[in-house]
Amino acid sequence: MRMPPAYCKVSFTDSDGLLHAAHVRAESVHEAVAMAVSEFRGDPFAPPLGPMTEFVIAVEKPPVEHRIRLAQLQKWAETTTTREGPAGITKRQRIKALLG
């Protein structure tokens with residue numbers, strides 16, 4: 001069974017302690033490293049890779065971005081509704097306290 005491609009960050013630390021990372025989309029850990037090796041070999045800033053180079057593979061979910069204006073957050077925190085129950089009231093009070 002094939003897995004859907006996942007976004008991965010493949011990295012290694014060179015002998016000088018510098019971290020190098022490549023972001024790839026792969027169907028397996030092996031494919032992710034192979035794709036990253038190809039990227040590193042084409043990068044003039046990456047040092048040569050040796051047989052003992054250890055790679056770290058971090059699977060990353062596609063990022064989700066949200067935007068809210070401070071005024072919207074303040075208005076939400078000031079709202080006195082009980083629609084969300086006690087947990088919602090507590091959440092709004094906590095946000096309001098964090099905003100000062």
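**Salt bridges and their surroundings**

Modeller: A search of the whole structure finds two salt bridges. The term covers a side-chain nitrogen of Lys or Arg within 4 Å of a carboxyl oxygen of Asp or Glu. A word on the basis comes first. This is a predicted model, where local features need pLDDT of at least 70, side-chain atom pairs count only at pLDDT 80 or more, and totals for chains, interfaces and linings use all residues. Residues are numbered from 1 along each chain as its sequence is written, and side-chain values use heavy atoms, with hydrogens and water left out.

Side chains of opposite charge can pair when their charged atoms come close. Exposed means over 50% relative accessible area, buried means under 20%, and partly exposed lies in between (1.4 Å probe, protein chains only).

Glutamate 78 and lysine 96 also meet in a salt bridge, at 3.3 Å from N to O. This pair links distant parts of the chain, 18 residues apart: glutamate 78 is in helix α2 and lysine 96 in helix α3. Helices (H or I, at least four residues) and strands (E, at least two) are DSSP runs, numbered from the N terminus. Glutamate 78 counts as partly exposed because its relative accessibility is 47%. Lysine 96 is partly exposed too, at 40%.

Helix α3 covers residues 85–99, and its end C-alpha atoms are 22 Å apart. Its 15 residues should span 21 Å at 1.5 Å a residue, so the two values agree. The expected span is 1.5 Å times one less than the number of residues. The buried residues of α3 are Gly85, Gly88 and Arg92. They cover an arc of only 35° around the axis, so they sit on the same side of α3. That arc is taken from the directions from the helix axis to the C-beta atoms. An α-helix has 3.6 residues a turn, so residues three or four places apart point the same way.

What covers the buried residues of α3 includes α2 (70–78). The face turned away from the buried side carries the exposed residues Pro86, Ala87, Gln93, Arg94, Ala97 and Leu98. Just after α3, glycine 100 takes a positive phi of about 85°.

Aspartate 14 lies in the loop between β1 (6–13) and β2 (19–26). Its side chain has a polar contact of 2.8 Å with the side chain of histidine 20. A polar contact is a pair of N or O atoms within 3.5 Å; within protein, one must be able to donate a hydrogen and the other to accept it, and residues adjacent in sequence count only if both atoms are side-chain atoms. Leaving aside neighbours within four places in sequence, aspartate 14 is in contact (heavy atoms within 4.5 Å) with His20 and Pro47.

Arg41 is on the face of α1 turned away from its buried side, along with the exposed residues His30 and Glu39. The buried residues of α1 are Ala32, Val33, Ala36, Val37 and Phe40. Their arc around the axis is only 135°, which puts them on the same side of α1. What covers them includes β1, β2 and β3 (56–60).

Beyond its neighbours within four places in sequence, methionine 35 is in contact with Val24, Arg25 and Ala26. Methionine 35 and valine 24 are 11 residues apart in sequence, with their C-alpha atoms 6.8 Å apart in space.

End with strand β1, where serine 11 is found. Serine 11 is buried, since its relative accessible area is 7%. Not counting residues up to four places away in sequence, serine 11 touches Leu19, His20, Ala21, Glu54, Phe55 and Val56.
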